[in-house]
Amino acid sequence: MIERSGGLPATRALQETGLPWIENAGKVAPKDARELSKLFFDRLQSLEEGTAEYSYARSTLIEMNMCLVHFAARRFRGRGSEEQEDILQVGTIGLIKAIDRFDLSREVEFTTFAVPYIVGEMKRFFRDTSWAVHVPRRLQELRVELAKARDHLTTVLDAPPTVAELAAYLEIGEEQVIEGMVAANGYTAGSLDLPAGDEGDEGGHSYADTIGACDPAMEKVEDIRALAPMLDDLDERERVLLEMRFGQEMTQAQIGAELGLSQMHVSRLLSRLLTRLRAGMLTEA
């Protein structure tokens, strides 16, 4: 939990910031968080940075919007449970950057503005720290020791050290040195554009030609799986509205004529329904 305002009392927050005191901002529902965020962003612009009031407003914004970090982290859940904490930490950094740079005058919702920052920090984390191929931690540490030993012995011997010399210097077996050298190959990956055949074989196939392309529809699978349970909870009229608008691709005017409603009424119904579905999809699974 993020510390907020250094113990700023609720009464003081109400009096000096004009903001409601939120005891546990992390439990605010996504729909309420969006509305409250607008209020907090508006007041944050007029508060002096470094004050307890400013800290309260900014920290509350972070806590209220942490659901965006958890939402973005879902796409990286295949990386392994041991990395989830790091993913959430770097995602929070992206959220903070988005909060500090967001301007209410932008004609965009904060959620739309923030998610690219969050996902960008997560991708940068993997680009900068991850191995191309996962290897045990002991071998990752051995790679570092081998690199240091190789640099030192190269300077002393005025020549690249042999496996035996590395083993003697590190006081480990030659088999361990070889294992560490093989594991080091997993730190970086070769380009898929490299030729798959002999070097210099111009016009040949690259490694990229041997693998399939990504299906652009795969990114929608996760959204569909998250949306399906919410669709089951809709009433009959809501299902009909969605079917007519997105299944049959009818206009709002056509839907209104079919159901005996005005186009404005249909627009309001669809807007409320879609807002509720979006809010549900942003809720942490």
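Me: What pattern does the chain follow when read along the sequence?
Reply: In this predicted model, the chain has 13 helices and zero strands. Read along the sequence, the pattern is therefore written with helix symbols, since helices are DSSP runs numbered from the N terminus. The chain follows α-α-α-α-α-α-α-α-α-α-α-α-α.

Me: Which residues of helix H8 are buried, and why do they lie on the same side of H8?
Reply: Helix H8 spans residues 163-170 and contains buried residues. Those residues cover an arc of only 100 degrees around the axis, which puts them on the same side of H8. In general, an α-helix has 3.6 residues a turn, so residues three or four places apart point the same way. The buried residues of H8 are Leu166, Ala167 and Leu170.

Me: What is the relative accessible area of Asp158?
Reply: Asp158 is placed in the loop between helix H7 (137-157) and H8, and its phi is positive, near 60 degrees. Asp158 is exposed, and its relative accessible area is 70%.

Me: Which residues form the positive surface patch?
Reply: One member, Arg268, is found in helix H13 (residues 263-282) and is partly exposed, with a relative accessible area of 43%. The patch is formed by Lys31, Arg237, Arg268 and Arg272.

How values were computed: Residues are numbered from 1 along each chain as its sequence is written. This is a predicted model: local features need pLDDT of at least 70, side-chain atom pairs count only at pLDDT 80 or more; totals for chains, interfaces and linings use all residues. Side-chain values use heavy atoms; hydrogens and water are left out. Patches are made of residues with over 30% relative accessible area and no salt bridge: like charges are joined within 9 Å, nonpolar side chains (Val, Leu, Ile, Met, Phe, Trp, Tyr) within 5 Å. Accessible areas come from the Shrake-Rupley method with a 1.4 Å probe; for residues, only the protein chains shown count as cover. A salt bridge is a side-chain nitrogen of Lys or Arg within 4 Å of a carboxyl oxygen of Asp or Glu. Lys and Arg count as positive and Asp and Glu as negative; His and the chain ends are not counted. The place of a charge is taken as NZ of Lys, CZ of Arg, CG of Asp or CD of Glu. Helices (H or I, at least four residues) and strands (E, at least two) are DSSP runs, numbered from the N terminus. Buried means under 20% relative accessible area, exposed over 50%, partly exposed in between (1.4 Å probe, protein chains only). The arc is that of the directions from the helix axis to the C-beta atoms.
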